[in-house]
Amino acid sequence: MFPTPIERAPRATRFTYRAALYVSLAVWLLPMAGVALTSVRSIDDLNRGNLWGWPSEFRLVENYTAVFADTRMAQFILNSVLITVPAVAGAVALACMAGFALAKFRFRGNLALFVIFIAGNLVPFQILMIPVRNLTIEIGIYDTRWALILFHAAFQTGFCTLFMRNFIKQLPDDMLDAARNDGLSEFQIFRHIVLPLVRPAIAAIAALTFTFVWNDYFWSLVLVQSDDVRPLTAGLQSLRGMWLASWHLISAGSIVAAIPPVLIFFFMQQHFIAGLTSGTPND
Amino acid sequence: MTGASAPGSSSSISAWWWRHQRTLTPLILLAPACLLFAIFVIIPIGMSLSLSLYDWDGVGPKTWVGFGNFAELFGDPVFFTALKNNLLWLLIYLAAPMLGLLLALFLNQGVRGIRPIRALFLMPFVVSQVVIGLIFAWFLNPEFGLLNPLLAKLGLGPVAPLENERWAILAVIAAGLWPQTAYCMVLYLTGLTGMRPELIESARLDGARDHTLLWHVVLPQLRPVTFIAAMVCVVSALRSFDLVMIMTAGGPYNSTNVLAYYMYEQTFLSLRYGYAAAIAAVLFGLMACCVAFFLWRLLARERG
């Protein structure tokens with residue numbers, strides 16, 4: 001293990017290390033702690049400049065109620081869910097199918113397709129803005145949730161396919177051949193052997209893609225414009241015009257926006273990190 | 001008759017299918033993904049590149065201008081500011097792998113409760129850039145921000161970095177460096193856990209000090225991780241848009257403009273679709289150069 005395990009160090013060093021851990025964590029998350037604290041303050045505290053001190057009164061319930069009661073925050077959250085869940089499901093489903101095809105079948109253009117999926121995912125996606133926006137206008141889905149669902153499903157398919165292909169490639173060929181000799185068709189092999197075995201990969205890729213799509217801001221700005229379909233990220237920014245210097249409300253809104261991906265992350269931590277580090281050779 | 005021929009033909013279809021299913025299955029499985037990816041990603045790249053050769057207001061007819069848009073870019077000071085900012089962004093983001101490595105070395109200990117601590121360090125990466133941008137915009141706000149009271153306690157004067165033409169871009173990039181470093185940290189932590197312990201232990205027995213070890217044993221083993229981390233940083237530096245939009249909207253006086261944001265402005269504020277496409281094409285070219293560089297390094301290393 002590197003660096004030298006701290007257990008081998010004298011007691012004082014171990015104690016110092018633990019203290020350093022907590023201090024550095026506190027500094028690292030200081031901006032977030034500041035936002036969390038401000039989200040429960042009263043406007044008086046902000047006006048008086050009491051930004052770092054103890055809040056003069058706790059307005060947790062009032063502030064968060066205000067966020068939901070005075071704005072369409074609930075609608076934005078619903079929109080984000082209705083966009084993110086189908087987009088992730090679509091991308092993962094397409095990627096499982098494509099990943100199996102690319103991993104376990106030999107045909108001309110296999111590698112080329114794989115490279116295209118990777119390269120397409122690396123492009124600065126802003127280059128897609130004008131054509132994709134025009135496309136959604138032409139087929140009549142501009143300013144609907146479908147525009148975002150279809151685009152995200154398509155774009156995330158690139159990364160998801162790369163991930164699923166590499167995972168499925170590790171499954172032993174002998175196992176699939178044995179199933180073939182037992183008379184299973186390729187689709188049955190996919191459905192009854194491959195899919196159950198790649199469940200951990202599906203969890204990893206779903207958790208990660210959920211975060212990417214949920215946190216998207218650019219496409220929410222480009223492909224939709226009305227509050228009825230706008231997801232949380234774009235909604236939050238639009239509320240800023242209304243809230244102006246009511247930073248306690250902006251803070252509460254930010255916390256609300258951050259909670260779903262943070263929950264996904266903490267509940268699926270191992271999967272999430274496995275997905276994040278999938279490009280590195282050690283897993 | 002018909003009743004007799006129907007099952008006959010269907011069984012010949014299934015026989016035909018059974019003979020060819022090994023070739024047809026991958027095609028059927030690939031078709032939906034390829035179709036969607038082509039429609040929304042691959043074809044639009046080509047459309048954008050070709051649009052960069054036209055003048056277009058988004059509604060009326062397109063006018064062919066050849067490389068006119070690109071010629072105009074060369075005389076456009078805002079374009080050069082945006083380009084310069086993108087390159088600066090890229091350069092500063094390359095600090096993220098280094099900072100991430102330091103953080104990973106610091107956190108790579110098996111002490112009790114280290115897992116949740118590592119997870120908390122990754123938090124900035126998990127939340128949206130919109131939230132990061134809002135946090136920092138407010139953090140740096142001269143009237144209501146958290147920074148100035150903090151500086152005042154240290155006896156330092158009030159600052160307003162986001163309103164300063166010289167400092168604003170650095171403040172925006174710094175906000176982005178925070179989640180980026182967290183990401184690189186996770187990559188390196190995984191790399192460090194996966195390293196071969198026997199190499200390190202034997203070097204230790206030979207009396208190697210930690211910094212020698214780091215340089216000669218650990219870093220070479222981490223090279224693939226460094227490669228991925230650098231590539232991820234380059235990609236996100238070139239895509240940077242959210243933080244600019246949220247924190248400064250390109251201002252003051254375009255000093256924080258980046259190519260992605262300038263393209264967005266030219267499309268929706270100036271309705272110059274062709275010019276915007278030309279900016280996007282430059283961005284695409286930059287990315288292509290970086291990818292080519294990475295591939296070249298990868299091949300060069302594999303050859304030896």
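The C-alpha centres of domain 1 and domain 2 of chain B lie 46 Å apart. The model is a predicted one.

Biologist: Which residues of chain B make up domain 1 and domain 2?

Modeller: Domain 1 of chain B covers 2-42, and domain 2 of chain B covers 64-303. These bounds come from an automatic or database domain assignment.

Biologist: Why is H8(A) called roughly antiparallel to H11(A)?

Modeller: Take the angle. Helix H8 of chain A (residues 145-169) and helix H11 of chain A (residues 199-215) pack at about 155 degrees. The label roughly antiparallel needs an angle over 145. H8(A) is therefore roughly antiparallel to H11(A). Their axes are 11 Å apart. The crossing of H8(A) past H11(A) is right-handed.

Biologist: Which residues make the contact of H8(A) with H11(A)?

Modeller: H8(A) supplies His152(A), Gln156(A), Cys160(A), Phe163(A), Met164(A) and Phe167(A). H11(A) brings Ala201(A), Ile205(A), Thr209(A), Phe212(A) and Val213(A). By class, this contact holds eight nonpolar residues, three polar and no charged.

Biologist: What makes H9(A) count as hardly covered?

Modeller: The buried count. Helix H9 of chain A (residues 173-181) has nine residues, and the count of buried ones is zero. A buried residue needs 20 or more other C-beta atoms within 10 Å of its own. Just after H9(A) comes Gly183(A), with a positive phi of about 95 degrees.

Biologist: Which residues is Ile169(B) in contact with, leaving aside neighbours within four places in sequence?

Modeller: Asn85(B), Leu88(B), Ser255(B) and Thr256(B). Take Thr256(B): 87 residues separate Ile169(B) from Thr256(B) in sequence, yet their C-alpha atoms are 4.9 Å apart in space.

Biologist: How many residues of chain A are in contact with chain B?

Modeller: On chain A, 78 residues are in contact with 76 residues of chain B. Helix H14 of chain A (residues 247-267) gives the largest share of the chain A side, nine residues.

Biologist: How do the residues on that side of chain A divide into nonpolar, polar and charged?

Modeller: The side of chain A that touches chain B has 56 nonpolar residues, 19 polar and three charged.

Methods:
Residues are numbered from 1 along each chain as its sequence is written. Chains are lettered from A and ligands numbered from 1 in the order in which they are written. This is a predicted model: local features need pLDDT of at least 70, side-chain atom pairs count only at pLDDT 80 or more; totals for chains, interfaces and linings use all residues. Axes are lines fitted to C-alpha atoms, for helices over the stretch in contact, and angles run from 0 to 180 degrees between N-to-C directions. Helices (H or I, at least four residues) and strands (E, at least two) are DSSP runs, numbered from the N terminus. Angles under 35 degrees count as roughly parallel, over 145 as roughly antiparallel, 65 to 115 as roughly perpendicular and the rest as oblique. A crossing is left-handed if the near helix is turned anticlockwise from the far one by less than a right angle, and right-handed if clockwise. Two residues are in contact if their C-beta atoms, placed from the backbone, lie within 7 Å. Ala, Val, Leu, Ile, Met, Phe, Trp, Tyr, Cys and Pro count as nonpolar, Asp, Glu, Lys and Arg as charged, and the others, Gly among them, as polar. A residue is buried if 20 or more other C-beta atoms lie within 10 Å of its own, exposed if 12 or fewer, and partly exposed in between; C-beta atoms are placed from the backbone.
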